[in-house]
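Colleague: I have not looked at this one before. Can you walk me through it?

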Amino acid sequence: MTTFYEVVNQSQPQPRFQYIPLGTPDQTVDHGEDVIQGLSQVPKTLPCRYFYDDQGSLLFEQICTLPEYYPTRTERRILTTAAAEIAEFTGGCELVELGSGSSSKTRLLLDAYSQLAAPLHYCPIDVSGGMLKTSALELLDQYPQLHICGRVGTYEQALVNLSGDSLGEPTRVISDPDLPRLLIFLGSTIGNLDAVTLQKFLLQVQQALRPGDYFLLGVDLQKSIEILEPAYNDAQGITAAFNLNCLRHLNWRFNGNFDLSQFAHWAFYNTAANQIEMHLRSLVSQTVTLQTLNFRGALAAAETIQTEISRKFDLPTLKTELQAYQLQPLHSWTDPQHWFALLLCQRSISA
Ligand code: AVJ
């Protein structure tokens, strides 16, 4: 089908796939300052980004299919029925996705948006360039009218880059300035952000969106501990392997000596803070080193390293917080058990 858009652009056809590395290649990962900082704190922490090396990304894909891990399938179910309504709400949009990964749930949105008489643009953003390219090439194959402008980098880098677009700066890489933008952040990844980090993140989202643009958020909701804890302590031990894998990643990246057999996976629901906390517990008293970072640290027996928080939200409270960043909730969708929600917001005109 030839759209009006393609006709007017025939003299200068847009490439169907653009690929933008944000920053220099080694800026897209850090130099380990955050690792040293986290391991020097009491209690010790590690940024959860270190889960996602190639092996960790595969383990996460496995987690998503576990019987105990309800978020992925619940979100997919909601999206299956909500996608067409979302597309109806926003009309033609440029889809921009933070942490696109395998883009498997995004297909539901692409299907819905390809029903609209508007050009189909998708801007996946991910720290894994390999994952991004592989999924982009598949999508281009399956959606003949699709244009993809991928960005490789962190959320922070991507949001800065996107706000450059909205200000019309020279870095402008927006594929179609007339299309509103729909920023997509699925999987309740927002739950990894503690309260302060969430504030910074929402401010960046506000700046990356122009008035009238949209923000689609997947959020895991508060529910009974009997459902929550097994989701992070699966019977097959995949979550444990995923948690431990971040030590293997550190060993590889920073020439470390973590012995994975000397640590145990520990995940529990902190009811007061409404969050799952994942830790690695040291089974013995030991010294660990990360040679390239010149780091040496002692761990007492039973001392833990916190590797992740996964916050569970109260939808009304979250909506109020979003409004403080000019993000007006338009509609939300949930499953019959109210375990997970999709929330569509619109960036309002600045006061
Ligand atoms: C991808 C951050 C949403 O918090 O549930 C899954 C990651 N950690 N099992 C989550 C995760 C342990 C996941 N997020």
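Colleague: What kind of model is it, and what is the mean pLDDT of the chain?

Modeller: It is a predicted model. The mean pLDDT of the protein chain is 90, and 90% of the residues reach 70 or more.

Colleague: Where is the pLDDT below 50?

Modeller: Residues 1–10 are one such stretch, with 7 contacts in the model beyond near neighbours in sequence. Residues 168–173 are also below 50, and that stretch has 10 contacts of this kind.

Colleague: How many helices and strands does the chain have?

Modeller: There are 11 helices and 14 strands. The protein chain has 351 residues, of which 53% count as buried. Among contacts with a separation of 6 or more, 73% are between residues 24 or more positions apart.

Colleague: What is the strand order in the open sheet of 8 strands?

Modeller: The order is E1-E5-E4-E3-E6-E7-E14-E13, and the pairing is mixed.

Colleague: Which strands stand at the edges?

Modeller: Strand E1 (17–21) and strand E13 (327–334) do. Each has a single partner strand, so one side of each has no neighbour in the sheet. On average, neighbouring strands of this sheet are turned by 20° against each other, direction ignored.

Colleague: Pick a pair inside it. Do E6 and E7 run parallel or antiparallel?

Modeller: E6 and strand E7 (residues 214–220) pair in the parallel sense, over 4 bridges. Phe185 has Leu217 in E7 as its bridge partner.

Colleague: Which strands does H5 lie across?

Modeller: H5 lies across E3, strand E4 (120–126), strand E5 (146–152), E6 and E7. The helix runs at about 165° to E4.

Colleague: And which strands does H6 lie across?

Modeller: Helix H6 (residues 129–142) lies across E1, E4 and E5, and runs at about 180° to E5.

Colleague: Changing topic, how many salt bridges are there?

Modeller: The whole structure has 8 salt bridges. One of them joins Asp34 and Arg49, with the closest N and O atoms 2.7 Å apart. Asp34 is in helix H2 (residues 33–40), while Arg49 is in the loop between strand E2 (44–45) and helix H3 (54–63). The two are 15 residues apart, and the pair links distant parts of the chain.

Colleague: Is Arg49 buried or partly exposed?

Modeller: Arg49 is partly exposed, because its relative accessible area is 33%, between the 20% limit for buried and the 50% limit for exposed.

Colleague: What does Glu75 pair with?

Modeller: Glu75 forms a salt bridge with Lys105, and the closest N and O atoms are 2.6 Å apart. Glu75 belongs to helix H4 (residues 70–90), and Lys105 to the loop between strand E3 (94–98) and helix H5 (106–114), 30 residues apart. Both Glu75 and Lys105 are buried.

Colleague: Where do Glu94 and Arg181 lie?

Modeller: Glu94 lies in strand E3 and Arg181 in strand E6 (residues 181–185), so their pairing ties together parts 87 residues apart in sequence. Their side chains meet in a salt bridge at 3.6 Å, N to O, and both residues are buried.

Colleague: How many disulfides does the structure hold?

Modeller: It holds 0 disulfides. Take Cys48: the nearest cysteine sulfur is that of Cys246, 9.6 Å away.

Colleague: Is Cys48 buried or exposed?

Modeller: Cys48 is buried, at 18% relative accessible area. Cys93 is also buried, at 2%.

Colleague: Back to the backbone. Which residues does a cis peptide bond join?

Modeller: Val42 and Pro43, with omega at about -10°. Pro43 lies in the loop between H2 and E2.

Colleague: Why point that out?

Modeller: Because most peptide bonds are trans, and most residues other than glycine have a negative phi.

Colleague: So where do Asn274 and Asn294 lie?

Modeller: Asn274 lies in the loop between strand E8 (263–270) and strand E9 (275–282), and has a positive phi, near 55°. Asn294 lies in the loop between strand E10 (286–290) and strand E11 (295–299), with phi near 60°, also positive.

Colleague: What is the relative accessibility of each?

Modeller: Asn274 is at 25% and counts as partly exposed. Asn294 is exposed, with a relative accessible area of 75%.

Note on methods:
Residues are numbered from 1 along each chain as its sequence is written. This is a predicted model: local features need pLDDT of at least 70, side-chain atom pairs count only at pLDDT 80 or more; totals for chains, interfaces and linings use all residues. Side-chain values use heavy atoms; hydrogens and water are left out. A salt bridge is a side-chain nitrogen of Lys or Arg within 4 Å of a carboxyl oxygen of Asp or Glu. Buried means under 20% relative accessible area, exposed over 50%, partly exposed in between (1.4 Å probe, protein chains only). Two strands pair if DSSP finds at least two bridges between them. Axes are lines fitted to C-alpha atoms, for helices over the stretch in contact, and angles run from 0 to 180 degrees between N-to-C directions. Contact means heavy atoms within 4.5 Å. A disulfide is a pair of cysteine sulfur atoms within 2.5 Å. pLDDT is the predictor's confidence in each residue, from 0 to 100.
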